[in-house]
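My entries follow in the order I made them.

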Amino acid sequence: MESSGTTRRQATRQRLYEAAVTLIAEQGFSATTVDEIAERAGVAKGTVYYNFKSKTELFEELLRHGVGLLTASLRAAAEESKERGGTRVEALDAMIRAGLAFIDRYPAFTQLYVAELWRTNRAWQSTLLVVRQEAVAVVEDVLREAVRSGELSEEIDIPLTAAALVGMVLVAALDWQAFQPERSIDEVHSALSLLLHGRVSGH
């Protein structure tokens, strides 16, 4: 059982993550100050430093937290599909939808993650690579099972295919939000689903 102190601290951290992610997505990491993060979260500046040693540590934890949520939702989607007796390709399809739903729910985090992925001189680059690998590994596991069960060809390059699927969802979702916001999640999912079935499973 968690103490009320722990729960309160988690709630404070959640508020700080939300404040930081929206501010950094709006104006960039360098331009965002700890004062602004505290003000946006409705807490004292000292509270930020009580929870995180620095703005960089807050950002690293934010990346871990966000990608952790994404990884958990991908894993849950694959598990639910398996429990329903679905194929591995159906599990991948469920993961695509879960990825779209996550991005729809946390658009600022996704924009931030994608922007940071291409900046190589950051202090948190190693954290970013670790958390990216966690998310991609969930997809790799399902691909590996699909090859083992004969659903997918043994010729597929699992690490590259997993990265391509994650990349497809990320880019398509950001495009959806920026340029085609009138589309429903069902439309976006069905377009990516056709791509998955047509290009990956060869039907």
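Is N51 buried or exposed? I found N51 buried, at a relative accessible area of 4%. My cut-offs, with a 1.4 Å probe and protein chains only, are under 20% for buried, over 50% for exposed and partly exposed in between.

Ground rules. This is a predicted model, so I kept local features only at pLDDT of at least 70 and side-chain atom pairs only at pLDDT 80 or more, while totals for chains, interfaces and linings use all residues. Residues are numbered from 1 along each chain as its sequence is written, and side-chain values use heavy atoms, with hydrogens and water left out.

Entry: N51. I placed N51 in helix α3, residues 45-51. Helices are DSSP runs of H or I with at least four residues, numbered from the N terminus. I skipped residues up to four places away in sequence and found N51 touching R9, T12, R13, L16 and E57. Contact here means heavy atoms within 4.5 Å. L16 is 35 residues from N51 in sequence, yet their C-alpha atoms are 9.2 Å apart. With R9, the N51 side chain makes a side-chain polar contact at 3.1 Å. A polar contact is an N or O pair within 3.5 Å; within protein, one atom must be able to donate a hydrogen and the other to accept it, and residues adjacent in sequence count only if both atoms are side-chain atoms.

Entry: D93. I found D93 in helix α5, residues 88-105. D93 is buried and has no salt bridge. That term needs a side-chain nitrogen of Lys or Arg within 4 Å of a carboxyl oxygen of Asp or Glu. The nearest side chain of opposite charge is R97, at 7.9 Å. Lys and Arg count as positive, Asp and Glu as negative; His and the chain ends are not counted. The D93 side chain does make a polar contact with the side chain of S193, at 2.7 Å. Beyond four places in sequence, D93 is in contact with H189, S193, L196 and H197.

Entry: largest pocket. I noted 27 lining residues, with Y113, A163, V166, G167 and L170 nearest the centre. Helix α8 gives the most, eight residues.

Entry: V166. V166 sits in helix α8. Is V166 buried or partly exposed? V166 is partly exposed, at 22%. Leaving out neighbours within four places in sequence, I found V166 in contact with V136 and V139. E79 is 87 residues from V166 in sequence and 18 Å away, C-alpha to C-alpha.

Methods. Helix = DSSP H or I, 4+ residues; strand = E, 2+ residues; numbered from the N terminus. 1 Å grid on protein atoms, 1.4 Å probe; cavity = no way out; pocket = protein on both sides within 12 Å on 5 of 7 lines; lining within 4 Å.
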